[in-house]
Amino acid sequence: MIRSLKTEAVVLRKKDLLNRDVLISFFTQDLGRLTVFAKGVKKITSRRSPHLQTGNLINVIISHKNDHYYLQESQLISGFSELKKDEDKVSQLYLFLFVLDRLLPEQQKEAKIYNLAKNFLIDLSKSIKSETIIVKYLTETMKVLGYLDKKIDASELKSLIEEIINEKIPNL
């Protein structure tokens, strides 16, 4: 099994644990969605902490030990700071990452969806109308995963996703 891996990743979500640790869900280029322990990240002196904001694109070094993955190093590629200044774009970003986190299987490489996610982040940060972008990229994601074979409108897309993940999602 892999002892150490350097890869590119998008931060999907973070969950605080006891002490100074955090559980982070990454969407990595090489291993797909991956849940990783980040030890000591909540320390005020942590160099990794600023990189691990939801929606950031980062390079990470991850080690594997006893069936768990641990974050060793992180380096920021892009924080998409322009995107995060617009409240509507931030809500679209969180919605897309929420859906990815719920739909993607753990440790299964999804190269097409990873490229879609990166393109979504880039297009969302450049665009003026974020509502049409989220529907376009979610539809494409559902097609790649095999849940869709034709174009549907936003309300049908939302219903389909909620049915698959068995959970309510924020409005599209």
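Analyst: Buried means under 20% relative accessible area and exposed means over 50%, with partly exposed in between (1.4 Å probe, protein chains only). This is a predicted model, in which local features need pLDDT of at least 70 and side-chain atom pairs count only at pLDDT 80 or more, while totals for chains, interfaces and linings use all residues. Residues are numbered from 1 along each chain as its sequence is written, and side-chain values use heavy atoms, with hydrogens and water left out.

User: What makes H1 count as largely enclosed by the rest of the structure?

Analyst: Twelve of the 17 residues of H1 are buried, so this helix is largely enclosed. Among those that are buried in H1 are Lys-89, Gln-92 and Asp-101, together with Val-90, Phe-96, Val-99 and Leu-100.

User: How do you know that the reach of H1 is close to the expected one?

Analyst: The expected span is 1.5 Å times one less than the number of residues. H1, with 17 residues, reaches 24 Å from its first C-alpha to its last, against an expected 24 Å. For H2 (residues 111–126), which has 16 residues, the corresponding reach is 23 Å, close to the expected 22 Å.

User: What reaches the backbone nitrogen of Asp-88 at the start of H1?

Analyst: A side-chain oxygen of Asp-86 comes to within 3.0 Å of that nitrogen of Asp-88.

User: Which residues of H2 are buried, and what puts them on the same side of the helix?

Analyst: The buried residues in H2 are Ile-113, Tyr-114, Leu-116, Ala-117, Phe-120, Leu-121 and Leu-124. They cover an arc of only 160 degrees around the axis (taken from the directions from the axis to the C-beta atoms), and this puts them on the same side of H2. Lys-112 and Lys-126, by contrast, are exposed on the other side of H2.

User: Which residues touch the most other members of the largest nonpolar core?

Analyst: The term nonpolar core denotes a set of buried Ala, Val, Leu, Ile, Met, Phe, Trp, Tyr and Cys residues joined through side-chain atoms within 4.5 Å. The largest such core has 34 residues, of which Phe-27, Phe-96, Val-99, Leu-100, Phe-120, Leu-157 and Ile-161 touch the most other members. Strand E1 (4–16), H1, H2, helix H3 (130–145) and helix H4 (154–165) are the elements that give two or more residues to this core, and its largest share, eight residues, comes from H1. Leaving aside residues up to four places away in sequence, Val-99 touches Leu-138, Ile-161 and Ile-169, where contact means heavy atoms within 4.5 Å. A second, separate core of 17 residues includes Ala-9, Val-36, Ile-58 and Leu-71.

User: Why is Phe-80 called buried, and why is Asn-166 called exposed?

Analyst: Phe-80 has a relative accessible area of 11% and is therefore buried, whereas Asn-166, at 70%, is exposed. Phe-80 lies in the loop between E5 and H1, and Asn-166 in the segment after H4. Phe-80 has a positive phi of about 50 degrees although it is not a glycine, and phi of Asn-166, also a residue other than glycine, is near 60 degrees.

User: How do you know that strands E4 and E5 pair, and in which sense?

Analyst: Two strands pair if DSSP finds at least two bridges between them. E4 (residues 57–65) and E5 (residues 68–78) have nine bridges, in the antiparallel sense, and the bridge partner of Leu-57 is Ser-78 in E5. Their hairpin has two residues between the strands, and there Asn-66 takes a positive phi near 50 degrees.

Key: Helices (H or I, at least four residues) and strands (E, at least two) are DSSP runs, numbered from the N terminus. A polar contact is a pair of N or O atoms within 3.5 Å; within protein, one must be able to donate a hydrogen and the other to accept it, and residues adjacent in sequence count only if both atoms are side-chain atoms.
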